[in-house]
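Hello,

Here is the structure I promised to pass on to you. Have a look at it first, and then read on for what turned up.

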Amino acid sequence: MNEVLKAMKERRSIRAFQPTMPPKADLEQIIEAGLYAPSGKGEQAAIIVAVTNQDLRDKLAAANAKIGGWKEGFDPFYGAPAVLVVLGRKDWFTHVYDGSLVMGNLMLAAHSLGLGSIWIHRAKEEFEQPEYQQLLKDLGVEGEWEGIGHCAIGYVSGKVPAPAPRKDGRVFWVE
């Protein structure tokens, strides 16, 4: 089977990660794959904030848990040591779609390198907060950005989940 199709069928959302940080070279390859995602009119209107700093990662997790309504101390990133935050440029009409494609590429690339990943929501709400808007400014990011998602990445702790059966009745041919 084609390796890309195989990766698409085998990749799973991981909800338990080891604390060991993946090599930076692997994270760079994953990020590069995200940057090659298709985008509306080729605008490339999505960016990635790569968070490997433990303190910032933990602050993001706490903010995410609060937005999600979880108890203090819950880790919505399931222990993943690296979080790649994808944001879309608000003034671009396909920014949510473009960012979603970046997220897909990130997760497939992580899987292809033997790492686990999961898409965690609430980046939109996080990056509406002044603290995270300031983070973008501090990083030199100009303009208005909307959080699309967090791609939490790390080594899988435990077994990779089995695939759920695919639902019938989801394809309609017009020939």
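Let me begin with strand 3, where four of the five residues are buried, so that the strand is mostly covered. Please keep in mind throughout that this is a predicted model. Strand 3 and strand 4 run antiparallel and are joined by five bridges. If you want a place to look, find Gly116, which stands opposite Gly154 of strand 4.

Strand 4 also holds Glu146, a residue that deserves a moment of your time. Glu146 is buried, yet no salt bridge is found for it. Which side chain of opposite charge is nearest to Glu146? That is Lys124, at 4.9 Å, and a salt bridge needs the nitrogen and the carboxyl oxygen to be within 4 Å. Leaving aside residues up to four places away in sequence, Glu146 touches Val86, Leu87, Gly88, Lys90, His95, Val96 and Lys124.

Next comes helix 3, which covers residues 54-68. At the start of the helix, Asn53 places a side-chain oxygen within 3.0 Å of the backbone nitrogen of Asp55. After the other end comes Gly69, which has a positive phi, near 85 degrees.

Which residues of helix 3 are buried? They are Arg57, Leu60, Ala61, Ala63, Asn64 and Ala65. An α-helix has 3.6 residues a turn, so residues three or four places apart point the same way. The buried residues of helix 3 pack against several elements: strand 1 (46-51), strand 2 (82-89), strand 3 (116-120), helix 5 (123-126), helix 6 (130-138) and strand 4 (145-154).

Now for the charged pairs. How many salt bridges does the whole structure have? The search finds six.

Arg57 forms a salt bridge with Asp58, at 3.3 Å from N to O, and Asp58 is partly exposed, with a relative accessible area of 35%. Arg57 also has a salt bridge with Asp75, where the closest N and O atoms are 2.7 Å apart. Asp75 lies in the loop between helix 3 and strand 2, while Arg57 is in helix 3, so this pair ties together parts that are 18 residues apart in sequence. Asp75 counts as partly exposed, at 22% relative accessibility.

Another pair is found in helix 1 (residues 3-10), where Glu10 and Lys6 are four residues apart and therefore separated by about one helical turn. Their salt bridge brings the closest N and O atoms to 3.0 Å. Both residues are partly exposed: Glu10 has 38% relative accessibility, and Lys6 has a relative accessible area of 30%.

Finally, there is a network of salt bridges that links Glu43, Arg89 and Asp91.

Enjoy looking around, and write back with any questions.

Best wishes

Terms used: Residues numbered from 1 in each chain as written. Predicted model: local features only at pLDDT ≥ 70, side-chain atom pairs only at ≥ 80, totals over all residues. Heavy atoms only, no water. Helix = DSSP H or I, 4+ residues; strand = E, 2+ residues; numbered from the N terminus. Expected span 1.5 Å × (residues − 1). Buried < 20%, exposed > 50% of the residue type's maximum accessible area, 1.4 Å probe, protein only. Contact = heavy atoms within 4.5 Å. Polar contact = N/O pair within 3.5 Å; in protein donor to acceptor, adjacent residues only side chain to side chain. Pairing = 2+ DSSP bridges. Lys, Arg positive; Asp, Glu negative; His and termini not counted.
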